[in-house]
Amino acid sequence: MKIPGLDLEFVALPAPVPVFWAQVTPAQWQAAATAVLEAGGRLIALWAGKAIKDIAASAGGTRAEAIFCAYATLEGLIWLALPLDVIDGRCSYPDLSGVFPASSRMQRAAAEMSGVLAEGARDQRPWLNHGAWAADHYPLLQDPQALPTPESGALTDYPFVRVEGDGVHEIAVGPVHAGIIEPGHFRFSAVGEKILRLEQRLGYTHKGTEQRMTQLPAQEAYRLAGRVSGDSTVAYAWAYCMALESACQTSIPPRAAWLRALMLECERVANHLGDLGALGNDVAYAFALAQFSRLREDWLRACKTAFGHRLMMDCIVPGGVKADLLPGGRDALWQRCLDTAADVRKLFEVFESHAGLQDRFLVTGRVEPALAAQLGMTGLAGRASSQSWDVRCDHPFAPYETLKVVMATHARGDVGARAAVRFQEVTESIRLIERILNEAPEGPLFCPLRLPEQPSRGAGWVEGWRGEIVVALELAGAEQANRIERCHLHDPSWQNWPVLEHAVMNDIVADFPLINKSFNLSYSGQDL
Amino acid sequence: MIWKVVQQIAKAGICTEAAPDIGDVSGLEPSHIQAELLSILGDALSIREVDTGSCNGCEMEISALGNPYYNIEGLGIKFVASPRHADMLLVTGPVSRNMKMALKRTFDATPAPKLVVAVGDCACTGGIFGESYATCGRVDKVIPVDVTVPGCPPEPIDILRGILMAVRRRVVARG
């Protein structure tokens, strides 16, 4: 592993995906960002590390030990650590938002959660803290055994960017939205119907997930990881378990890996079916909603028959999977695959030949590939704008190295392209599920984990239906009962929410729900 | 194309299932439920859904109520876009501190008589997130709750049962 022009000592972490860890200096921190960008890599996540005692501070002070970032490159995941020092009473590090715009909101969140400052960052407005707790209360620097409950404060106004000019007006939407969706605030600046600018304010579902992580035993925290974003519960649980298994230097039995992949693909199909119906509904095509929501319900019922839970929550556990396919589960999934594939094929033809639907889908909410690359667009929406990254194809681990996933991409970058990628991925996932049902090896489902004596770290990297989920874990040693010192859970929505602000420009306000649905980003996943 | 659409509709058929049994109800056929809703509210039941910090698992199962199997609109129940049009709030999630004010305002904007159903473990007890610097915990710490529907997430049929229970209780209370 090498970053061009930098002399770094990389440590390969034991994980099924290639993950390399290295420590950097402040100068290398920035040089690495530029070098990764030039080599075609992307920033995945940026977060502050575990809390340590601050020797310089007066009694009982704590600070973040380091600031971390994770890059995706063709060789694998690079996890860089920049140790922090307190200078003039605060911890700071060089800003990365000039190189990777996606880092801006992550830096703002790290500032609030861990009291670390991105030196030179243009936007330093609060992000997750709406005033409900004191600005100088850093949730991730608290002692998990003796958590204070700070006074609840009044919510503060947010300084939205104002667009001035003749006839410009603002439309404020949320946090309580009109549909059955998660809360968030959208501020549109519009002229007539045309959107000049959209600014998002998120953080409404912030529920202290990462602080809660530090209170749970490592072997049980997979349940919380599976509730970061309910629609991606399988992907999160797998990524968390992969990180924990990586920290414990354990590899799971083959059958467990195959069953995890089976659930991950089932989750992908379920979500895509739901989204395709909702996309139809957003262009007033009720037939599509009725058909796809029926297919989704059938699909979830088959999942319940096979795994005991419609969304497959808590089915992936550290060391393997909770149980084998339940009796009748294989046949239920097999039949579902046959029926769904046939119906989706027909519905695809209907979508393709429906002039009214295509009229709304084409060139709406368009993100050109060049802009997508610049903003670090990722996951399913990224693939619809020629950003051809998919962990299952780029770094295939068991069982994906056998299954050989065919990546779905599109170059048009509009609502239609994102729908088309979903159609392709449903078909491909059904093919994978059929192969897994036929070829999954027999054998044990679980191997017990032995938590390491020494402090350790691990990483998990999984391609969920929305995009890549990364979990980075820092575990304490045995003398501290192997508690979770820090667990960062990264959702691809961090990257794609800001892209949505660009995607809607010059479209009309009435098309926003459609464009928003075509991304279908997680609020809870980014609010944490 | 229209021929394909018609074919697909005919092939799929009608898959709507009977409404769930809530115990003390004599007739469960849709017409009975509709009549009951009318007698209580003088109208169909309108619900405003409020996510106050859920992981979106509950939202997916609430959305599923609209699919042809549960066909909630066929029972005379619909989801509306504003609390001012609603008879009932369906609240999910441990109430995040960032959503506390929005939830209170939504409740205040809902005309009386109003019902509140807390959906999911987080809304019923605070769930795995509990109470912290960021959350207030269960919904009834912020607004009064009529019926709770536990589960993580509860299945659509349980949510529907909870909705019917809340309506039924109002009838019994009125005598």
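A crossing of two helices is left-handed if the near helix is turned anticlockwise from the far one by less than a right angle. In this predicted model, helix H8 (residues 329–353) of chain A passes helix H1 (residues 2–12) of chain B in such a left-handed crossing.

**Helix packing**

Two packed helices are described by the angle between their axes and the distance between the axes. For H8(A) and H1(B), the axes come within 10 Å and cross at roughly 145°. Lys346(A), Glu349(A) and Val350(A) of H8(A) meet Lys4(B), Val5(B) and Gln8(B) of H1(B) in this contact. Sorted by class, the residues involved are 2 nonpolar, 1 polar and 3 charged.

Another packed pair lies within chain A, where helix H14 (residues 415–439) and helix H16 (residues 512–519) have their axes 9 Å apart at an angle of about 35°. H14(A) likewise passes H16(A) in a left-handed crossing. The residues that make this contact are Val415(A), Arg418(A) and Ala419(A) on H14(A), together with Leu514(A), Ile515(A) and Ser518(A) on H16(A). Their classes are 4 nonpolar, 1 polar and 1 charged.

| Helix pair | Axis angle | Axis distance |
|---|---|---|
| H8(A) and H1(B) | roughly 145° | within 10 Å |
| H14(A) and H16(A) | about 35° | 9 Å |

**The contact between the chains**

Chain A gives 49 residues to the contact and chain B gives 43 residues. On the side of chain A that touches chain B, the elements that supply two or more residues are helices H3 (209–213), H4 (222–225), H7 (286–307) and H8 of chain A. H7(A) provides the largest share of that side, with 6 residues. By class, the side of chain A that touches chain B holds 20 nonpolar, 18 polar and 11 charged residues.

**Covered elements**

In chain B, helix H3 (residues 57–64) is mostly covered, with 8 of its 8 residues buried. Among them are Cys58(B), Met60(B) and Ile62(B), and also the residues Glu59(B) and Glu61(B).

Strand E16 (residues 456–463) of chain A is also mostly covered, and 8 of its 8 residues are buried. In a regular strand the side chains alternate between the two faces of the sheet. In E16(A), Ser456(A), Gly458(A), Gly460(A) and Val462(A) point one way, whereas Arg457(A), Ala459(A), Trp461(A) and Glu463(A) point the other way.

E16(A) runs antiparallel to strand E17 (residues 468–475) of chain A, and 8 bridges join the two. Arg457(A) has Glu474(A) of E17(A) as its bridge partner. The two strands E16(A) and E17(A) form a hairpin with 4 residues between them, and in the turn Gly467(A) has a positive phi of about 155°.

Note on methods. Residues numbered from 1 in each chain as written. Chains lettered and ligands numbered in written order. Predicted model: local features only at pLDDT ≥ 70, side-chain atom pairs only at ≥ 80, totals over all residues. Buried ≥ 20, exposed ≤ 12 C-beta atoms within 10 Å, placed from the backbone. Pairing = 2+ DSSP bridges. Axes fitted to C-alpha atoms, helices over the stretch in contact; angles between N-to-C directions. Contact = placed C-beta atoms within 7 Å. Nonpolar A, V, L, I, M, F, W, Y, C, P; charged D, E, K, R; others polar.
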